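Here is my note for you, as numbered points to read beside the structure.

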Amino acid sequence: MLPRMAALTSLSTVQFRVSDILGTRLKPYPQFPIRITTMSVKPFVIEARGNSRVESPKTRNRRSRKKFNGTQTKPRLSVFCSDKQLYAMLVDDFNKKCLFYASTLQKSIRGDPPCTVIEAAKRVGEELIKASVDLKINEISSYDRNGNKRGERMQAFEIAIAQHGFLP
């Protein structure tokens, strides 16, 4: 006998009758052993996911304005960058006053021969520093970008005011 056949015959066999048409002889049917494995069932746990909703930068900015309020000696620096221009303000939220305002649209900042908007944004930063020295402002309470990303104009403005120490 072949080794395979010996292995098959050594297993427990189930015998069943073949129908009378084919004969009444008993025919062996090998039954392979069934492994019963223990399955570990994990308990049903509901886990909290991260914030699946992407929050708008404008919404986040409105919430941060509630926390950081500007005063006369430590105002909030608010910067808005539209598609073509940049606007900057020093705001005293306590008294609800604008201490300083400048934009790249002003002719005094643009100059007689008009410069590029990026150069004008740098000049807005320089004007802001001059005004803060005149107003005796040494630091700001918060830097408010109004949810805008840092584009070329915003970076040029930030470089100018970072030299004065307004930005960390």
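**Notes on the model**

1. Let me begin with an arginine: R76 lies in strand β3. (Helices are DSSP runs of H or I with at least four residues, strands are runs of E with at least two, and both are numbered from the N terminus.) R76 is buried, at a relative accessible area of 8%; buried means under 20%, exposed over 50%, and partly exposed in between, with a 1.4 Å probe and protein chains only. Its partner is D93: the two side chains make a polar contact at 2.9 Å. Such a contact is a pair of N or O atoms within 3.5 Å; within protein, one must be able to donate a hydrogen and the other to accept it, and residues adjacent in sequence count only if both atoms are side-chain atoms.

2. Before going on, please keep in mind that this is a predicted model, in which local features need pLDDT of at least 70 and side-chain atom pairs count only at pLDDT 80 or more, while totals for chains, interfaces and linings use all residues. Residues are numbered from 1 along each chain as its sequence is written, and side-chain values use heavy atoms, with hydrogens and water left out.

3. How confident is the predictor? The mean pLDDT (the predictor's confidence in each residue, from 0 to 100) is 76 for the protein, and 70% of its residues reach 70 or more.

4. Now the overall layout. The protein has 5 helices and 6 strands, which follow one another along the sequence as α-β-β-α-β-β-β-α-α-β-α. Of its 168 residues, 26% are buried. Among contacts (heavy atoms within 4.5 Å) with a separation of 6 or more, 51% join residues 24 or more positions apart. The accessible surface comes to about 13,200 Å², and 56% of that belongs to carbon and sulfur atoms; the areas come from the Shrake-Rupley method with a 1.4 Å probe, and for residues only the protein chains shown count as cover.

5. Helix α4 deserves a look of its own. Spanning residues 117-134, it has 18 residues and reaches 25 Å from its first C-alpha to its last, close to the 26 Å expected at 1.5 Å a residue; that expected span is 1.5 Å times one less than the number of residues. Its buried residues are A120, A121, V124, G125, L128, I129, A131 and S132. An α-helix has 3.6 residues a turn, so residues three or four places apart point the same way.

6. What do the buried residues of α4 pack against? They meet β3 (76-81), β4 (86-92), β5 (97-103), α3 (107-110) and α5 (152-162). In α5, the buried residues are R153, M154, A156, F157, E158, A160 and I161, and their cover includes β3, β4, α4 and β6 (142-144).

7. One aromatic pair is counted. The ring centres of F80 and Y87 are 6.1 Å apart and the planes are at 25 degrees, so this pair is stacked. The rule takes rings of Phe, Tyr and Trp (its six-membered ring) with centres within 6.5 Å, and calls planes under 30 degrees apart stacked, over 60 edge-to-face and the rest tilted. F80 is partly exposed at 34% relative accessible area, and Y87 is partly exposed at 22%.

8. Most residues other than glycine have a negative phi, and most peptide bonds are trans. K96, in the loop between β4 and β5, has a positive phi near 55 degrees and is exposed at 75% relative accessible area.

9. Finally, two asparagines in loops. N69 sits between α2 (57-67) and β3 and is partly exposed, at 47% relative accessible area. Leaving aside neighbours within four places in sequence, N69 is in contact with D93 and S141. N69 and I140 are 71 residues apart in sequence, with their C-alpha atoms 10.0 Å apart. N146, in the loop between β6 and α5, counts as buried at 10% relative accessibility. Its C-alpha is 9.4 Å from that of T59, 87 residues away along the chain.
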